[in-house]
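Hi,

Here is the structure I said I would pass on.

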Amino acid sequence: MTKKVFLLLVVLLVNTFLILGCTSSHTTATPISQKTNAELEEMLKSFEYGSQTTSEYPFHEIISELRRRGPVAAEVAPTLAQVIAFDGSSSIMASFPLVEMGSSARTAIPYLIQNLDHPREDVRLYSTFVLGTIGSPSKCAVPKI
């Protein structure tokens with residue numbers, strides 16, 4: 001091997017380490033399925049407009065995990081009802097886990113009723129739908145609907 005080729009290889013390797021770094025690509029983040037309901041709830045709150053915190057997971061992944069958990073995640077129901085009214089049209093995705101929770105989401109009823117006065121039509125529509133899936137405990141919302 002000539003000196004020029006060897007020198008070129010060394011320069012390429014050094015540049016590669018400078019650009020890519022010497023760190024491992026292995027991530028040590030806890031899988032979302034191992035997060036507690038309370039941790040997922042805190043992550044959801046980070047998506048509110050003006051929040052100073054950020055989530056380590058995208059919104060749709062948190063929603064999917066809570067949806068998968070269904071009634072087991074009922075403690076997050078009030079926050080999910082509030083998230084429906086967050087700025088941004090994707091906020092209505094927060095209704096999906098509430099539907100999976102069914103009547104277990106009854107603690108969200110006051111917030112869902114509040115959402116019925118929201119200026120966005122989609123917030124009102126999805127909140128009404130969730131109230132319907134909760135069933136009998138949400139009868140108190142009928143006059144507002």
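**Ser103 and the rest**

Leaving out residues up to four places away in sequence, Ser103 touches Thr133 and Ile134, where contact means heavy atoms within 4.5 Å. Ser103 sits in the loop between H5 and H6; helices here are DSSP runs (H or I, at least four residues; strands are E, at least two), numbered from the N terminus. With a relative accessible area of 36%, Ser103 is partly exposed. On that scale, buried is under 20% relative accessible area, exposed is over 50% and partly exposed is in between, using a 1.4 Å probe and protein chains only. The C-alpha atoms of Ser103 and Pro71 are separated by 8.4 Å, although the two are 32 residues apart along the chain.

Before you go further: this is a predicted model, so local features need pLDDT of at least 70 and side-chain atom pairs count only at pLDDT 80 or more, while totals for chains, interfaces and linings use all residues. Residues are numbered from 1 along each chain as its sequence is written, and side-chain values use heavy atoms, with hydrogens and water left out.

**Overall picture**

The protein has 7 helices and 0 strands. Of its 145 residues, 34% are buried. If you take the contacts between residues at least 6 apart in sequence, 65% join residues at least 24 apart. The accessible surface is about 9,100 Å², and carbon and sulfur atoms account for 60% of that (Shrake-Rupley method, 1.4 Å probe; for residues, only the protein chains shown count as cover).

**The core**

Which residues have the most contacts inside the largest nonpolar core? They are Leu44, Ile62, Leu66, Leu80, Leu98 and Leu112, in a core of 31 residues. Two or more residues of this core come from each of H2 (37-45), H3 (59-69), H4 (77-83), H5 (95-101), H6 (109-115) and H7 (121-134). By nonpolar core I mean a set of buried Ala, Val, Leu, Ile, Met, Phe, Trp, Tyr and Cys residues joined through side-chain atoms within 4.5 Å.

In H2, the buried residues include Asn37, Leu40, Glu41, Met43 and Leu44. They are on the same side of H2 because they cover an arc of only 160 degrees around the axis; the arc is that of the directions from the helix axis to the C-beta atoms. H3 and H4 are among the elements that cover them.

H3 buries Phe59, Ile62, Ile63, Glu65, Leu66 and Arg69. These fall within an arc of 160 degrees seen down the axis of H3, so they line one face of the helix. They pack against H2, H4 and H5. Ile62 itself, setting aside neighbours within four places in sequence, is in contact with Ile32, Leu40, Met43, Leu44, Phe47, Ser55 and Tyr57. Gly70, which follows H3, has a positive phi, near 55 degrees.

Ala73 is in the loop between H3 and H4 and is buried, at 0% relative accessibility. Beyond four places in sequence, its contacts are Asn37, Leu66 and Met101.

Ser91, in the loop between H4 and H5, is buried too, with a relative accessible area of 3%. A polar atom of the Ser91 side chain lies 2.8 Å from the backbone oxygen of Ile84. Not counting residues up to four places away, Ser91 touches Phe59, Val83, Ile84, Ala85, Phe86 and Arg120.

Cheers

Note on methods:
Polar contact = N/O pair within 3.5 Å; in protein donor to acceptor, adjacent residues only side chain to side chain.
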